[in-house]
Structure formats: C-alpha cells, structure tokens
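Please walk me through this structure.

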Amino acid sequence: MTSLPERAGRRCQSALNSLHSTMYFSPDTEKELTPYGIDDPHAVNLAVRAAPLGAVGAGTVTATFYNYSHTLVARYVPEVWEAASPETVLAARLRAVDATLRRLLGEETVTSEPVAEAARLALTATEGCSRSGRPLHAANADLPVPPVDRCPHLALWHAATLLREHRGDAHIAALQNAEFDALEAVVSHTASGRGMAPKWAMETRGYNAQDWAAAQNRLRERGLLGGDGELTEQGTALRKHLEEETDRLDRGPYERLGAEGVARLTELAGGLARAAAEAGAYPADLFGKG
C-alpha cells in the first residue's frame with residue numbers, strides 16, 4: 001500500500017530523469033572525453049553511464065543496461081577503460097554536467113534557491129532507496145554527494161541519477177518477470193508512444209532494422225503487437241502493468257519524501273526540465289513511433 005496519489009512517484013521521477021538525461025545528448029560530454037581518446041558517441045554513452053561500476057567487462061554492462069545489444073557493448077567495453085579509467089570518466093562526467101546545466105538553465109538559475117530546494121528534496125528521497133538487487137543505483141550511491149551549498153545543480157543531478165537508476169533497476173525486474181527480452185522491451189515501449197523513435201532506439205542501442213522486425217514478430221506471436229505496429233489491447237494492458245509494477249518496486253524514495261514533498265519536487269524539477277528542453281537539450285525527433 002502507498003499513501004501517495006496514483007503515479008505521483010512516477011511523475012516525479014520522470015521530471016528528474018529529464019534533467020539527468022541531458023548529459024547523454026550534450027556536446028559537453030563528448031568534449032570532456034575527447035582529450036582521452038573517447039570520442040565515438042557509443043563509447044561516450046557507455047563510459048559515462050558504466051563508470052560508477054568500475055572497470056567492468058562487456059557482460060556486466062549488457063546485464064545492467066539490459067536493452068543494449070551485447071555486440072555493441074563488446075565493441076567498446078572494456079577497451080574504453082584503457083583510454084580512461086572509470087575515475088577519470090567520472091570526473092569528466094561531472095564537469096560535463098556542470099557545463100551542460102549552466103548552458104541550458106543559465107548561471108543565475110543553477111545557483112538559485114529553488115534548485116537548492118529541489119536538491120535537498122531529491123536527496124531526502126534517495127534515503128528511501130535500496131541498494132539490494134539494484135546494481136546501477138548502488139554503484140552511483142557509492143559516489144560522493146556534491147555539496148548543496150556550493151553546487152546545488154550538481155547535487156540535484158546526482159540525486160536525480162540515483163532515483164533514475166533505482167527505478168531503472170526495478171523496471172528490469174518487471175521486464176524479466178513479463179518475459180520481455182532486451183529489444184522487445186524497447187520495441188513495445190516505442191509502440192506505446194512513450195519511448196524513443198525507432199531511429200534513435202536502434203542507433204543508440206545497437207540494433208538494425210532486421211533485429212527490430214524480428215522483435216516485432218515475436219511480440220505479434222504473443223498477441224501484444226498488431227500488424228500495424230501498434231500495441232494490441234493485450235499489449236497495452238501489459239505495458240500498463242509493467243509501469244504499475246515498477247511504481248510498486250520504486251515507491252520507497254517517494255514514500256520517504258511524502259506526498260507534499262513529492263508534489264513540490266515534481267513542480268520544481270518539472271520547471272527545470274521544461275526550461276532545459278526549451279533550450280534545446282534534446283533532438284527534435286527523439287521521441288515518437290515514426
């Protein structure tokens with residue numbers, strides 16, 4: 001049972017994740033890693049998200065990321081750690097986040113009291129997280145917390161990262177329980193109208209059109225996808241159940257914060273996320289079914 005309004009935690013995490021995810025589309029991230037010889041977009045993406053795990057191999061990254069092609073991951077990991085250690089990547093990641101948020105939100109905003117308030121609320125929420133069974137969350141939870149009084153935007157981003165990975169790790173458990181393989185999870189999410197467009201999903205996750213079509217066929221065989229590529233009634237119901245199950249497994253942080261705190265954090269993070277989007281944080285064709 002939960003004392004929160006329906007989907008309150010999901011809405012809060014979605015707003016926070018929009019801030020967290022600016023890093024993956026920011027030119028500042030590649031700029032920080034290029035001096036170390038990490039300039040391929042795939043290598044940059046894999047390095048900055050996997051670095052908290054340490055110098056792990058491709059198998060660990062594929063397992064924890066879940067919806068990436070192992071062939072793509074193995075092309076860059078563990079070789080990327082020969083170019084720069086995880087510690088070096090983490091330092092570059094934080095510099096990139098700093099530059100990105102300052103550019104998108106403005107110097108006055110990143111040091112403002114609303115950002116500091118959002119950081120304090122988000123950090124309070126992280127106190128309700130659990131490391132058990134959540135490898136990406138646990139790895140990030142071991143990193144130092146940027147001080148709210150000196151760099152509230154970085155403290156907020158750190159907390160948003162912990163909350164994103166906490167939900168993500170829980171979502172993987174729900175996907176496995178529903179017997180969705182890595183690509184079926186992506187294809188069904190896109191078919192719901194809430195995921196990345198196929199172009200972006202295939203490019204960033206390392207799949208091709210044949211892989212995508214094969215996953216669609218597997219979903220059709222289960223009665224989850226229609227011939228038009230849209231989710232069937234059964235498919236829509238299963239995707240809805242997946243999100244509800246993820247909400248259940250991820251309720252701890254938001255129960256810790258309480259309904260009033262969750263509402264306030266959603267308001268603050270939502271405003272910042274909208275400002276970042278309006279400043280061009282994401283490609284125009286990132287989302288959608290086409």
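Accessible areas here come from the Shrake-Rupley method with a 1.4 Å probe. On that basis, the protein chain exposes about 13100 Å² of surface. Carbon and sulfur atoms account for 51% of that area. Keep in mind that this is a predicted model.

Now the fold. The protein chain has 16 helices and zero strands. Its radius of gyration is 19 Å, close to the 19 Å that the globule rule gives for 290 residues, so the chain is as compact as a globular protein of that length. Along the principal axes, the C-alpha atoms fill a box of roughly 55 × 50 × 35 Å.

Next, the packing. Of the 290 residues in the protein chain, 54% count as buried. Consider contacts between residues at least 6 apart in sequence: 77% of them join residues at least 24 apart.

Charge comes next. The protein chain carries 30 positive and 38 negative charges.

Finally, zoom in on one residue. H153 sits in helix α11, which covers residues 152-177. Is H153 buried or exposed? Buried means under 20% relative accessible area. H153 has 2% relative accessibility, so it counts as buried. Which residues does H153 touch, leaving aside its neighbours within four places in sequence? Its contacts are D98, L101, R102, V110 and V115.

How values were computed: Residues are numbered from 1 along each chain as its sequence is written. This is a predicted model: local features need pLDDT of at least 70, side-chain atom pairs count only at pLDDT 80 or more; totals for chains, interfaces and linings use all residues. Side-chain values use heavy atoms; hydrogens and water are left out. Helices (H or I, at least four residues) and strands (E, at least two) are DSSP runs, numbered from the N terminus. The radius of gyration is taken over C-alpha atoms; the globule rule is 2.2 Å times the number of residues to the power 0.38. Buried means under 20% relative accessible area, exposed over 50%, partly exposed in between (1.4 Å probe, protein chains only). Contact means heavy atoms within 4.5 Å. Lys and Arg count as positive and Asp and Glu as negative; His and the chain ends are not counted. The place of a charge is taken as NZ of Lys, CZ of Arg, CG of Asp or CD of Glu.
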